[in-house]
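Here's a quick tour for anyone opening this one for the first time. Have a look at the chains below, then follow the notes topic by topic.

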Amino acid sequence: MSRKPRDKRMRIDEVVGTLESGMTVGIGGWGPRRKPMALVRALYRSDLTDLTVVSWGGADVGLLARAGKIRKLVYAFVSLDSIPLEPNFQRARQSKSIAEIVELDEGMFQTGLRAAAHRLPFLPMRAGLGSDVLVNNPWIKTVTSPYDDREELVAVPSLELDVAFVHLNRADEHGNASYLGPDPYFDDLFCMAAKRAYVSVEQVTDTAGLTVDSPVQRLLLSRMMVEGVVETPNGAHFTTCTPDYERDEKFQKAYAAAAGGSDDDWQAFHDRFLAGDEASYQAAVRAFHEEQA
Amino acid sequence: MSVSTPSTSSGTDATVTRADVCAAAIADAFKDDGEIFASPMGLLPMLGVRLAKLTSNPDLVISDGESLFLAGVPPLFAKGDVVEGWIPFRKVFDVVAYGKRHVMMGATQVDRDGNQNISAIGDFAQPKRQLLGSRGAPGNTVNNRTSYWVPRHSPRVFVEQVDVVSGVGPRRAKAAGAAAARYNDIHRIVSNLGVFDVGGPDDTVRLLSVHPGVSVDDVVTQTGFELVVPDDVPTSREPTTEELILIREMLDPKGLRFKEVPSD
């Protein structure tokens, strides 16, 4: 009988195997930064459908939209940064292929996650008042302050998630995880807003290793928030995973060109990079760079 | 990398460019802000804010555009400045709500009421062109001072009515109630042709100055709504010699600003 907390290590396909069509999936990171891309790629090639995707969007949203996985999308922006507009997302919006669109203000998005993490139906804030966020989402209501000011504020609805996917730099087998880059983004909130959270990491280490060369404040996730841990080196590719690696701009350019090109262009990109499993993706990326060199 | 070759000697021997005038106008938008977080989106706003910090408002709090508050004023996109604080995205939202912030954002469309759109062109349900999404514009405009930067002034940008209201102008804020109007503060719109505010009748967009070499008629022609034009419209000021040296030799020696505002 082990006296240690349980070992939560899983394979990518085991994680995706726990999902069902129609679920609400929150994807951590920010735009083209520290996205759990290995897990997203596994979603892309799965037979899941009708997903609600909640994301500070980057290529995660673009890929899943292109694969027709998204029934409902909740976002405040979708961008690749060095390439401002995400071609697969644009294509999906301009062809109306996503049935339900919820475009929020960024602060509302965070507040919705926080409401879910706090198990509240909503939290009040100013953002959204007067803007078309409330016009385009008429189901979002306002609430009047019960105090003397009587201010009418937005009642930001909680963004409850069935599942959260996040990618960090290090974790132990129990799900304690640290980020080593400059920004935690909102990955802890995603995990707390979800019924089950899965963290992929560059490296699984023993628990002592998590703080041997980095301050304890970098431990963003506690194992009590985490259902499964996946070791996926280069698993955030082609987004950043500072300091392990920066964004792969060359690859991102190739992705955007294929996404914004003809159907044949995309098919060729798909066949080369996305048709196989994660190992074959990583091998194809290595070959891509050898060609470029 | 360099598009144009700015002076590398004294800064006074070369002609003042439109980009330099824009940088000074942006800097002026931040000069009376005191000790707040100046949040520029895009290249010219970043240049203007850093110029303001080196001249009119040394109290400004600036960041690397990512997650660090910078103690010094490094050149555009330089790394390795002294860090004076941590401002990851989650803390940006706290500062927005706290209010000690002035953001200068881009605008794909601006209308006569000072509403801004960065979300989509056309019908929101099926846009002709999907843009970024509303990002933080709805929250910025009801929480902290907000300005806009438009590098290519045209009737396609300055429209009668924006297709999607991302940033909220004063009229819409007032209509939405006290909670929306209390901190709504659309301060300046700076374009490559001139400087504007929302001080016209019923809080509409008003011309404050035209850049050197630009006529009032040029601005009116390039604006898709009836612009409020005062009787006397001054010319935007030229940067001082000190400012020109700071821009050319310290902040933007590679002339990155000319990518956004080309020299004539």
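What order do the strands take in the open sheet of three strands in chain B? The order is 7-6-11, and the pairing is mixed. Keep in mind that this is a predicted model. The notes start with that sheet, then move on to a helix in chain B and a few spots in chain A.

- Strand 6 (residues 109-111) of chain B pairs with strand 7 of chain B in the antiparallel sense, over two bridges.
- If you want to find that pairing on screen, look for Gln109(B), whose bridge partner in strand 7 of chain B is Asn117(B).

**Helix 3 of chain B**
- Helix 3 (residues 89-98) of chain B has these buried residues: Phe89(B), Arg90(B), Val92(B), Phe93(B), Val95(B) and Val96(B).
- Those buried residues pack against parts of both chains: helix 5 (106-117), helix 7 (187-193) and strand 11 (219-221) of chain A, plus strand 1 (37-40), strand 5 (101-106) and helix 4 (137-143) of chain B.
- Just past the helix comes Gly99(B), with a positive phi of about 100°.

**A β-α-β unit in chain A**
- Strand 3, helix 4 (residues 87-94) and strand 4 of chain A together make a right-handed β-α-β unit.
- Its two strands, strand 3 (residues 70-75) and strand 4 (residues 100-103) of chain A, run parallel and are joined by four bridges.
- Tyr75(A) stands opposite Glu103(A) of strand 4 of chain A.

**Two helices side by side in chain A**
- The axes of helix 4 and helix 8 (residues 249-260) of chain A come within 8 Å and cross at roughly 20°.
- That angle is under 35 degrees, so helix 4 and helix 8 of chain A count as roughly parallel to each other.
- Helix 4 of chain A brings Pro87(A), Asn88(A) and Arg91(A) to the contact, while helix 8 of chain A brings Tyr255(A), Ala256(A), Ala259(A) and Gly260(A).
- Sorted by type, the contact residues are four nonpolar, two polar and one charged.

**A buried asparagine in chain A**
- Asn137(A) lies in the loop between helix 6 (132-136) and strand 6 (142-144) of chain A.
- Is Asn137(A) buried or exposed? Asn137(A) is buried, because its relative accessible area is 1%.
- Leaving aside residues up to four places away in sequence, Asn137(A) touches Ile101(A), Val102(A), Glu103(A) and Asp132(A).

Terms used:
Residues are numbered from 1 along each chain as its sequence is written. Chains are lettered from A and ligands numbered from 1 in the order in which they are written. This is a predicted model: local features need pLDDT of at least 70, side-chain atom pairs count only at pLDDT 80 or more; totals for chains, interfaces and linings use all residues. Side-chain values use heavy atoms; hydrogens and water are left out. Two strands pair if DSSP finds at least two bridges between them. A crossover is right-handed if, with the strands pointing away from the viewer, the path from the first strand over the helix to the second runs clockwise. Axes are lines fitted to C-alpha atoms, for helices over the stretch in contact, and angles run from 0 to 180 degrees between N-to-C directions. Angles under 35 degrees count as roughly parallel, over 145 as roughly antiparallel, 65 to 115 as roughly perpendicular and the rest as oblique. Contact means heavy atoms within 4.5 Å. Ala, Val, Leu, Ile, Met, Phe, Trp, Tyr, Cys and Pro count as nonpolar, Asp, Glu, Lys and Arg as charged, and the others, Gly among them, as polar. Buried means under 20% relative accessible area, exposed over 50%, partly exposed in between (1.4 Å probe, protein chains only).
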